[in-house]
Amino acid sequence: MFQRVSLIGYVGQDPEMRYTESGVPVTSFSLATKETISKSLPDGGERPCPNGWKESYNGRNWEVTTWWRVTCWRGLAETVTKYVGKGRMLFVEGVVQGEAHDGALNPRVWTGQDGTPRASFELRADTVKFLGDRGENGGSTGGPPAPTDEDLPF
């Protein structure tokens, strides 16, 4: 049993590639997704802030950012390492992975540097699509140009 998810988000840090003992390339990076809901209710009132959410930059919405740890293997790992950098917008699809206990899929749990409990699932990506680069979204990429369809092995 597995769970497939599709995400659209921004890369939080440059991907890091490593190799297994047998020489298989593996690349990991973080991806931030954001959910937004309006503060305004249909009756003209205001929705209270959900726990853990914050006010958006425009003051009209509540938003929460979720961080995902994404892992790519083999050719996809090499392509992501070559073309993806911090700030790039991506579509990522894959299988959710976590720690299995008693047949249930559970998040990996740890304590952050600030002492706050944290939890995450990992996404084993089998599809990564480039939706834009940081330059198209308000910043500069500092990296190589985006690949064309002919450049990609998937």
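Ground rules come before the details. This is a predicted model, so local features need pLDDT of at least 70 and side-chain atom pairs count only at pLDDT 80 or more, while totals for chains, interfaces and linings use all residues. Residues are numbered from 1 along each chain as its sequence is written, and side-chain values use heavy atoms, with hydrogens and water left out.

Confidence, then. pLDDT is the predictor's confidence in each residue, on a scale from 0 to 100. The chain averages 81, and 79% of its residues reach 70 or more. Elements here are DSSP runs, numbered from the N terminus: helices are H or I with at least four residues, strands are E with at least two. Among the elements, strand β2, residues 16-19, has the highest mean pLDDT, at 97. Strand β7, residues 99-101, has the lowest, at 67. Over residues 136-154 the pLDDT is below 50. In the model, that stretch still has 25 contacts beyond near neighbours in sequence, a contact being heavy atoms within 4.5 Å. Where pLDDT is low, the predicted coordinates should not be read in detail.

Strands count as paired if DSSP finds at least two bridges between them. Take β2 and β3. They pair in the antiparallel sense over 4 bridges. Methionine 17 stands opposite threonine 27 in β3. The hairpin has 5 residues between its strands, and glycine 23 in the turn has a positive phi of about 90 degrees.

Next, β9 and β10. Strand β9 covers residues 108-111, strand β10 covers 117-120, and they pair in the antiparallel sense over 4 bridges. Tryptophan 110 faces arginine 118 of β10 as its opposite number. This hairpin has 5 residues between the strands, and glycine 115 takes a positive phi near 85 degrees.

Is serine 30 buried or exposed? It counts as buried, at 11% relative accessibility. The scale: buried is under 20% relative accessible area, exposed is over 50%, and partly exposed is in between, with a 1.4 Å probe and protein chains only. Leaving out residues up to four places away in sequence, serine 30 touches Tyr10, Val11, Gly12, Gln13, Trp67, Trp68 and Arg69.

On to helix α1, residues 74-83. Its buried residues are Leu76, Ala77, Thr79, Val80 and Tyr83. They cover an arc of only 165 degrees around the axis, so they sit on the same side of α1. That arc is taken from the directions from the helix axis to the C-beta atoms. On the face turned away from the buried side are the exposed residues Arg74 and Lys82.

The core is next. In soluble globular proteins, nonpolar side chains tend to be buried together. A nonpolar core here is a set of buried Ala, Val, Leu, Ile, Met, Phe, Trp, Tyr and Cys residues joined through side-chain atoms within 4.5 Å. The largest one has 20 residues. Those with the most contacts inside it are Phe29, Leu31, Val70, Cys72, Leu90, Val92 and Val128. At least two core residues come from each of β1 (4-11), β3 (25-38), β5 (61-73), α1, β6 (89-97) and β11 (122-132). Zoom in on valine 92. Not counting residues up to four places away in sequence, its contacts include Val5, Leu7, Phe29, Leu31, Val70 and Val128.

Last topic: charges. A salt bridge is a side-chain nitrogen of Lys or Arg within 4 Å of a carboxyl oxygen of Asp or Glu. How many salt bridges does this rule give? The count comes to 4.

Arginine 4 takes part in a network with Glu93 and Asp126. Its salt bridge to glutamate 93 has the closest N and O atoms 3.7 Å apart. Glutamate 93 is in β6 and arginine 4 in β1, 89 residues apart. With aspartate 126, the N to O distance is 3.0 Å. Aspartate 126 lies in β11, so this pair ties together parts 122 residues apart in sequence. Arginine 4 is partly exposed, at 41%.

One more pair. Glutamate 55 and lysine 39 form a salt bridge, with the closest N and O atoms 2.4 Å apart. Glutamate 55 is in β4, residues 54-55, and lysine 39 is in the loop between β3 and β4, 16 residues apart. Glutamate 55 is partly exposed at 44% relative accessibility, whereas lysine 39 is buried at 7%.
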